[in-house]
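Keep the model open as you go.

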Amino acid sequence: MEKFVFSGQDKPKIFVSGSIRGGRQLLDTYGFMCDIIGEAGAEVLSLHVADPELEETESKMTEQEIYDRDMGLLARSNALIAEVTVPSTGVGYEICRALDLKIPVLCLHRPDAAVSAMVLGNPYPLMVVRSYSSEGELKEIIIKFIRAL
Ligand SMILES: O=c1[nH]c(=O)n([C@H]2C[C@H](O)[C@@H](COP(=O)(O)O)O2)cc1CO
């Protein structure tokens, strides 16, 4: 892939949101998304979402420490990219919080996912929802979104 270079401070910061307690079946996809975002020249602030050892590290944190850390990272982000195929209360909350903070949101899902109407029917101009059927398509959508930030 042709590398798109952002200069120093311009490097967009991305909060990747994906299911944790909602189910970890798409963990590999979250990892793939983080890799693509890095290749696109942006920085992922929430790499823990794609960490297979996350349950162990987060178990040393209190619930409030997890919440405070994530809300702090989200507030510093230029965009939120959420994988919404696996329903998750936390992902839904982060999407809503990002929109409140006027942070652009990209929601991605597999074509057969039962995505909530709160996402599919959301009219916020800062919210984009896209379905993908392959890693190639997922990559293309993410790169296009980051370049338009
Ligand atoms: O341990 C955690 N660490 C953490 O960062 N989160 C955040 C990031 C994820 O995008 C989102 C997942 O929420 P949930 O656990 O409800 O699926 O919440 C959520 C949890 C557990 O709820």
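**Exercise 1.** Identify the buried residues of α4 and say how they are arranged.

*Solution.* Val91, Glu94, Ile95 and Ala98 are the buried residues of α4. Buried means 20 or more other C-beta atoms within 10 Å of the residue's own; exposed means 12 or fewer; partly exposed lies in between; C-beta atoms are placed from the backbone. Seen down the axis of α4, the buried residues fall within an arc of 100 degrees, so they line one face of the helix. The arc is taken over directions from the helix axis to the C-beta atoms. Exposed Thr89 and Asp100 sit on the face turned away from the buried side.

This is a predicted model: local features need pLDDT of at least 70, side-chain atom pairs count only at pLDDT 80 or more, and totals for chains, interfaces and linings use all residues. Residues are numbered from 1 along each chain as its sequence is written.

**Exercise 2.** Find the elements that the buried residues of α4 pack against.

*Solution.* They pack against β1 (13-17), α3 (63-75), β3 (79-83) and β4 (105-109). Contact requires C-beta atoms, placed from the backbone, within 7 Å. Helices (H or I, at least four residues) and strands (E, at least two) are DSSP runs, numbered from the N terminus.

**Exercise 3.** Describe the shell around the ligand.

*Solution.* Start with the count: 16 residues surround the ligand. The closest are Ile20, Arg21, Gly22, Ser88 and Gly90. Next, the source: α4 gives the most, with four residues.

Technical notes
Contact = placed C-beta atoms within 7 Å. Near = placed C-beta within 6 Å.
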